Amino acid sequence: MIWSWWPDNWHDRYIGNDSVIFDHQDHFFELVDALSAIRVLARLPIEEVAEKDFLRQSLDALMAHQNLGQCSIFTAEEGLLQCAVGAGVDTFGGDGVSHQAESVESMRFVLGEGIMGLAYQTGQIQYCRNCKTDPRFKPFVRRALFYGDGSLLSIPVISGEQVLGVLNVSHHLPEFFETWHQHFLVLFANTLGRLLHLHRMIHALGDEVAVRTQSLEQALEESDALRNRYQQLSIKDELTGLYNRRYFFAEGEAMLARAVRYESPLSLLLIDVDHFKRVNDTWGHTVGDQVLCHIADTLLSEARTGDLVARLGGEEFVLILPNTASEGLDMMANRIQEQIASMGFGIVDQSIDLTVSIGMTELGARTSTELRVQLEQLYHEADLAMYQCKLNGRNRRMFFSREMDQIERMPSGV
Ligand SMILES: Nc1nc2c(ncn2[C@@H]2O[C@H](COP(=O)(O)OP(=O)(O)OP(=O)(O)O)[C@@H](O)[C@H]2O)c(=O)[nH]1
């Protein structure tokens, strides 16, 4: 579509039949200035500034290239024409009184009211040749704008069929404005209307993008939190917060690989609570759960950084201690036993006696077999040792020995 600044009926619409087409020769320099104002207007960085600043800069461009005296732009908001920006209006009228900028900013006109309201309502330029005698002119109550017998041009700021506001240009002399002023100002107001519309579209789009970006970020945060939660759930035991069986075997393999590579010692403890069924049977499952958490906390408090503490299920816990050989392992197991036995578990005014059986084994000189097999082997050995503890009366700790491999396993509850 070919777009033009000028509507088809521009001449009748804006100028009327009583006008005299401007004289190019008389106004050559003013015209050059006028075109400069439009060029500056067209180059304003509309993406970067707020609407008010854009309008202010537009008015500055107009004032800088035209000797117009007083200008303002009113925009339509909630059924009123409201002053968005004004330049020079506070000195207008020559009454010697300097009015505050606030009074300009607070000016409002009902749509259709006065010259400006008419320009807005009809979408056509309005020329008030003498504000004192023109019956259409409505003096502003505080006289900051359009005072005396000056002249006023109100030009609708249009984008397509929509009137966005009104550009007002006034002068203290009556009959001041010539036809070429009107041509130029209509062109300026039309350019302004297009840019204002564009500005609003760009910024509305920017706001929409900001809102969408924010909700997208929020959704991402939520899904991250959810993923973390599921990740935690997949590696942690929900009751005690210790690592679970799956993590134990995965991380245990990595610890084993490091120990094999650096030829450093590594030990494993398997801890089983003695007669835990009785706790449940006597105090109920909720207390049983609390006891399991209490034991988990005790194990964590005894473990060093780098140790792996996990709950394999039921009342069975496991620890992998890197850089620890049999002597250190025994000291650790002893500490755990003493801690659990001495503390017991307090409930109301009673204490539940707790003991544990601990099976122990170490990596020793083994270095070659497949890691998973090796970890399962270590676990198997500790389990056999722990079983021996149970056979031997519980509340004890034992190292794995080759002979244990020969003993046939009895059903639990021995
Ligand atoms: N409260 C609670 N009890 C559990 C949980 N997991 C397993 N148990 C119970 O733990 C008990 C384990 O009993 P057993 O395997 O017979 O072992 P025990 O009573 O500790 O006897 P020994 O190991 O031979 O000393 C069972 O009663 C299970 O129901 C749990 O998450 N919470």
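Modeller: Let's start with a definition: a residue is near a molecule or strand if one of its heavy atoms lies within 4 Å of it. This is a predicted model, in which local features need pLDDT of at least 70 and side-chain atom pairs count only at pLDDT 80 or more, while totals for chains, interfaces and linings use all residues. Residues are numbered from 1 along each chain as its sequence is written, and side-chain values use heavy atoms, with hydrogens and water left out.

Biologist: Thanks! Which residues are the closest to the ligand?

Modeller: The ligand is surrounded by 17 residues. The closest of them are H275, F276, K277, D289 and R311.

Biologist: An oxygen atom of the ligand is 2.6 Å from a polar backbone atom of which residue?

Modeller: Here we look at polar contacts, pairs of N or O atoms within 3.5 Å; within protein, one must be able to donate a hydrogen and the other to accept it, and residues adjacent in sequence count only if both atoms are side-chain atoms. Polar backbone atoms of H275 and K277 each have a ligand oxygen at 2.7 Å. The 2.6 Å value belongs to F276.

Biologist: Stepping back, how many helices and strands does the protein chain have?

Modeller: Both are DSSP runs numbered from the N terminus: helices are H or I with at least four residues, and strands are E with at least two. The secondary structure comes to eleven helices and 13 strands.

Biologist: What share of the 414 residues in the protein chain is buried?

Modeller: Buried means under 20% relative accessible area, exposed means over 50%, and partly exposed lies in between, using a 1.4 Å probe and protein chains only. By that rule, the buried share of the 414 residues is 44%.

Biologist: Is β1 largely enclosed or open, and how many of its eight residues are buried?

Modeller: Strands pair if DSSP finds at least two bridges between them. β1 pairs in the antiparallel sense with β6 over six bridges, and seven bridges join β1 to β2, also antiparallel. β1 is largely enclosed by the rest of the structure, because its number of buried residues is six.

Biologist: Which residue in the turn between β1 and β2 has a positive phi?

Modeller: β1 and β2 form a hairpin with two residues between them.

Biologist: Which strands stand at the edges of the five-stranded open sheet?

Modeller: The order is β8-β9-β7-β12-β13, with mixed pairing, and the twist averages 20° from one strand to the next. Two strands each have a single partner, so one side of each is left without a neighbour in the sheet. Those edge strands are β8 (308-313) and β13 (397-399).

Biologist: At about what angle does α10 run to β12?

Modeller: Axes are lines fitted to C-alpha atoms, for helices over the stretch in contact, and angles run from 0 to 180 degrees between N-to-C directions. Helix α9 (residues 285-302) runs at about 10° to β9. Helix α10 (residues 326-343) lies across β7, β9, β12 and β13, and its angle to β12 is about 170°.

Biologist: Last one: the backbone oxygen of which residue lies 2.5 Å from a polar side-chain atom of S267?

Modeller: S267 lies in strand β7 and is buried, with a relative accessible area of 0%. Contact means heavy atoms within 4.5 Å, and beyond four places in sequence S267 touches residues including L319, L329 and T361. The backbone oxygen at 2.5 Å belongs to T324.
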